[in-house]
Amino acid sequence: MESQQHKEKKMKILCLHGFRTSGSFLQKQISKWDASIFSQFDLDFPDGIFPAGGKSDIEGIFPPPYYEWFQFDKDFTEYTNLEECITYLCDYITSKGPFDGLLGFSQGATLSGLLLGYQAQGKLLKEHPPFKFFISVSGAKFRDPKICDIAYKDTIKAKSVHFIGAKDWLKLPSEDLAAEFDNPLIIRHPQGHTIPRLDEAATEQLRGWTAAIIQCNGTISDGKHELENGDANEKHGTDLIQRDNAKLDSKHELENVEAKQKHNGADLIQCNNAKLDGKHELENVEAKENFGADPVVAAMKNQSQETRTAGEIKTNEREV
């Protein structure tokens, strides 16, 4: 399980072979290099396939290279079946990718440089992530103005390393291709048009270059994970704030309910007290009505009434 996960984390390189060769042949040539150079990469060496409608010489077995049917002249201004070749490569990249980088020899390197330029200008592979790097061995730059005006319109930002042989008949076109990239690493060797054996110095250069690619990719991946974790933490923090706000709102609602209950209770007590006071006043009125005013006052009123009655009797007697 761990080895599978480790493999999934490796950066993928699509390796495109040269004219009239094959992916397995390119793989055999690259295997001459120090194994530590690509130990952290997953290399894909596709073999050939016929263009649509084509037939192999031996009933479809051992078909020729997938772009053997694409050819150009020595000046890189005349070519045939380029569009069909690009379409095939894009289909392969889309179905087998995504790929982080490209490696190519001769025609494979020339086509890889074209794909990088076209992708950067939005002409193709729009849904595929931008290629991060490119390893060119005896590659060349197209010289057709219709291609150059698009593919090489701007400096290509992908990191690149270019192997250029002193005796290579594509030496100048290889240098022209390297000039289209931002800060390219150029490794020269004394051989001709071939995948060279690397001396110690060249091995160290290429190993350091691939190590920097790995480190850069790891930094980007870590930054992406930190950003994802930051978004998750921010979302979690937002959820906590919302939850705390909900609790606070519930607390406020409870306090409001308790305040209303308290207020209503006080009003009820005041109302009951008012009713009780009214009842007492009514009872006092009824008592006064039933029993009269103060007893002393009532006795004085009775005595005055009796005195007045006695006086009236004496008057009547004198008159008689």
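I began with tyrosine 79, which is partly exposed at a relative accessible area of 26%. I used buried for under 20% relative accessible area, exposed for over 50% and partly exposed for values in between, with a 1.4 Å probe and protein chains only. The model is predicted, so I note that local features need pLDDT of at least 70 and side-chain atom pairs count only at pLDDT 80 or more, while totals for chains, interfaces and linings use all residues. Residues are numbered from 1 along each chain as its sequence is written, and side-chain values use heavy atoms, with hydrogens and water left out.

I located tyrosine 79 in strand β4 (residues 79-80); strands are DSSP runs of E with at least two residues, helices are runs of H or I with at least four, and both are numbered from the N terminus.

I next looked up the aromatic pairs and found seven. Rings of Phe, Tyr and Trp (its six-membered ring) pair if their centres lie within 6.5 Å; planes under 30 degrees apart count as stacked, over 60 as edge-to-face and the rest as tilted.

I examined tryptophan 33 and phenylalanine 163, whose ring centres are 5.2 Å apart with planes at 35°, so this pair is tilted. Tryptophan 33 is in the loop between α2 (23-30) and β2 (41-44), and phenylalanine 163 is in strand β7 (residues 159-165), so the pair ties together parts 130 residues apart in sequence. Both tryptophan 33 and phenylalanine 163 are buried.

I then turned to phenylalanine 133 and tryptophan 209, an edge-to-face pair with 6.1 Å centre to centre and 80° between the planes. This pair links strand β6 (residues 133-137), which holds phenylalanine 133, to helix α7 (residues 200-291), which holds tryptophan 209, across 76 residues. Phenylalanine 133 and tryptophan 209 are both buried.

I noted one aromatic cluster formed by Trp33, Phe38, Phe41, Phe133, Phe163 and Trp209.

I also looked for charges over rings (NZ of Lys or CZ of Arg within 6 Å of the ring centre and within 35 degrees of the ring normal). Lysine 12 lies over the face of phenylalanine 99, 4.7 Å from the ring centre. Lysine 123 lies over the face of tyrosine 118, 5.3 Å from the ring centre.

Last, I inspected α2, where Gly23, Leu26, Gln29 and Ile30 are buried. Viewed down the axis of α2, its buried residues fall within an arc of 120°, so they line one face of the helix; the arc is that of the directions from the helix axis to the C-beta atoms. These buried residues pack against β1 (11-16), β2 and β5 (101-105), contact meaning heavy atoms within 4.5 Å.
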